[in-house]
Amino acid sequence: MSDLAGEYDVLVIGTGPGGEGAAMQAVKHGKSVAVIEREPTVGGSCTHRGTIPSKALRYAIFQMTEVNSNVLFREHGITANFMIPDLRRRAKSVIEAQVKMRTTFYDRNDVPIVRGQAKFLDPHTIEAVEADGSRTVLRGKYVVIATGARPYRPPEVNFSNSRVYDSDTILDVDFHFKSITIFGAGVIGCEYASMFRNLEIKVNLVNTRDRLLEFLDEEIVDALSYHLRERGVVIRHREEFDRIDVVDDGVVMALKSGKLLKTDILLWAAGRTGNTDNLGLENTGIVPDQRGNIPVNEKLQTVVPHIYGAGDVIGPPALASAAYNQGRYAANEILKALGCGDECGLPPSLDIPAGIYTSPEISSLGKTERELTQEKVPYEVGHAHFKSIARAQITGQTAGMLKLLFHRETLEILGIHCFGANASEIIHIGQAIMSQPKPHNTLLYFINTTFNYPTMAEAYRVAALNGYNRLF
């Protein structure tokens, strides 16, 4: 065993959003912090394989479709056509910029980055093993596990074949394909279905459930389903996987219903697995679930009180934004345990809006109509359809709506659901009001506030008045 390299107040495993949030929160309050990272650069899956590259690709596709749909450009023979490898180069530059920026966070705050695969030797001692076999041993009073997750790979699917991919490898496709089957219609599956269809690639979207994205408000899901089908995506619900046959000119997915779906490539997007193997958790008493996720309580503590979890490794919602706040929240709990007291300030909120980057986007916060009905809450609905909003008419992005759910008696905002261009930005206006103490978190804010005109923010006033008028 190597000599002890250092003792710290907090050890953080992983430098994705969850690890970064935990490390920065702890070090900013004067605690000694070290992070362990097995990859050559910081940022985690979010930066290198997930959120950043896929959203950079999405924006490049959006720019291309904007050019091709512009009447003036078409009249002058200007069009844009890119292959996936061309679009991937744009993502690479964004990734490099993100890595450079995030590395400075650790350097500026004197947080050492210890390279290697982390392994618990005991609940307070972690060994980092590098590829060349060199080892570094560290001890921490508290530990935050933020190792993220990876795509679930069932053993019966051969991912080494050049026509079979998951969400970590799909952007490595080095040839042009004209059709794709996506198995799994969760967030990742729906996002890629939108992107590839916008490239005029034929898409089969296979869903094992009755509806797309069942955790969302049903009206929003219906709008997404309609939009995908209108664009030409073939959605197949209630299907089960049987086998995959790779042939010379493509891949055939056989479903238990008897259907055979032949396309150029296959994207397996059915679930994710927490990165907990090889962590030595058996030396701590922590037992991951069957998908490798670490169970935590409402304070993000594991069964070992001084070890916390944050980010995708603890399961849903598995969003980069959620991971960052979970990391900060876990660090805040550690700071309180270390005697920080009032100096810690208010804990970060764990009320996380969902951001789904389909085309158009979806963002959601709070209760759905289904949940409020089940809870027997007397609510009302206010709509603002983007086709009636001046800014949407000007930009030509009229597909979508903003939907407000509010209490009939108190007018308290209970849920915000948005489908359309810039939904993930628009949601934050409503989020700010929902987080206000009573009685400032009501529909009246949107009715009485002046919004710039024309803006998409004006949709809040339109939706609020629409809902308010339903009360009388």
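Tutor: Happy to. Accessible areas come from the Shrake-Rupley method with a 1.4 Å probe, and for residues only the protein chains shown count as cover. By that method the protein exposes about 22,000 Å², of which carbon and sulfur atoms supply 49%.

What you see is a predicted model, where local features need pLDDT of at least 70, side-chain atom pairs count only at pLDDT 80 or more, and totals for chains, interfaces and linings use all residues. Residues are numbered from 1 along each chain as its sequence is written, and side-chain values use heavy atoms, leaving out hydrogens and water.

Let's start with the whole. The protein has 13 helices and 22 strands (DSSP runs numbered from the N terminus: H or I of at least four residues for helices, E of at least two for strands). Its C-alpha trace spans about 70 × 65 × 45 Å along the principal axes. Of the 472 residues, 51% count as buried (under 20% relative accessible area; exposed is over 50%, partly exposed in between, with a 1.4 Å probe and protein chains only). Among contacts (heavy atoms within 4.5 Å) with a separation of 6 or more, 63% come from residues 24 or more positions apart.

Strand E5 covers residues 125–129 and includes Glu 127, while Arg 139 lies in strand E6, residues 135–145. Glu 127 is buried because its relative accessible area is 7%. Leaving aside residues up to four places away in sequence, Glu 127 touches Gln 117, Ala 118, Lys 119, Leu 121, Arg 135, Thr 136 and Val 137. With Arg 135, the side chain of Glu 127 also makes a polar contact of 3.1 Å (a pair of N or O atoms within 3.5 Å; within protein, one must be able to donate a hydrogen and the other to accept it, and residues adjacent in sequence count only if both atoms are side-chain atoms).

Arg 139 has a relative accessibility of 30%, so it counts as partly exposed. A polar contact of 2.5 Å links its side chain to that of Thr 125. Arg 139 and Ile 126 are 13 residues apart along the chain, yet their C-alpha atoms are separated by 6.3 Å.

Finally, a few backbone details elsewhere. Most residues other than glycine have a negative phi, and most peptide bonds are trans. Against that background, the bond from Lys 438 to Pro 439 is cis, with omega near 0°, and Pro 439 sits in the loop between helix H11 (423–434) and helix H12 (443–448). Tyr 453 and Pro 454 are also joined by a cis peptide bond, with Pro 454 in the loop between H12 and helix H13 (459–469). Arg 238, in the loop between strand E11 (234–236) and strand E12 (241–247), has a positive phi near 55°, and counts as exposed at 55% relative accessibility. Asn 422 has a positive phi of about 65°; it lies in the loop between strand E22 (413–420) and H11.
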